[in-house]
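Dear colleague,

I am handing over the structure below, and my notes on what was found in it follow.

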Amino acid sequence: MSETVSQPTILVPIDASDLDVPSEALVELLSPHQLVILGYYPVPDQTATEQAREQFEAEATDATEAAADRFAEQGAEVKSVVVFTHDRSKTVDTVAAECDADAVLTAGAVGDVLDRILGGVTDELITQSSDPLLIVRST
């Protein structure tokens, strides 16, 4: 039996060391959904995550909250998480599992994968966004 997702939770990872905010088109597109904004702060291998957190926590939190606020202003139900990490991919996977995300939004080229992606939300994200997107279903 297939399960219908009535209110999908979408994990939106952002680089918290970069002060760019999501585009208006992306904000409008995702705002009807439950969002978890993951502000990940990349930490070099030779640096302890605790040390980076002590030094950059305010900056990372501000960047993450700025992104979350843009979605909330458009009516999205938003939670935010700030993580300092050596491994972005592992962090995204872990947080996606912890928040029971139905989808993970990441920037990148879609290419031939587009034909294999199904679902109204996903199709709309891809066709409406001016930013390159790759959406992968969490397991």
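In which helix is E59 found? E59 is found in helix 2, residues 49-73, where helices (H or I, at least four residues) and strands (E, at least two) are DSSP runs numbered from the N terminus.

Please note that this is a predicted model, in which local features need pLDDT of at least 70 and side-chain atom pairs count only at pLDDT 80 or more, while totals for chains, interfaces and linings use all residues. Residues are numbered from 1 along each chain as its sequence is written, and side-chain values use heavy atoms, with hydrogens and water left out.

The protein chain has four helices and five strands, arranged along the sequence as β-α-β-α-β-α-β-α-β. Of its 139 residues, 37% are buried (under 20% relative accessible area, with exposed over 50% and partly exposed in between; 1.4 Å probe, protein chains only).

There are two salt bridges in the structure (a side-chain nitrogen of Lys or Arg within 4 Å of a carboxyl oxygen of Asp or Glu). In one of them E24 pairs with R70, the closest N and O atoms being 2.6 Å apart; this pair links distant parts of the chain, since E24 lies in helix 1 (residues 24-30) and R70 in helix 2, 46 residues apart. E57 forms a salt bridge with R53 at 3.4 Å between the closest N and O atoms, and both residues lie in helix 2, four residues apart, about one turn of the helix. E57 is partly exposed, with a relative accessible area of 37%, and R53 is partly exposed at 30%.

Best regards
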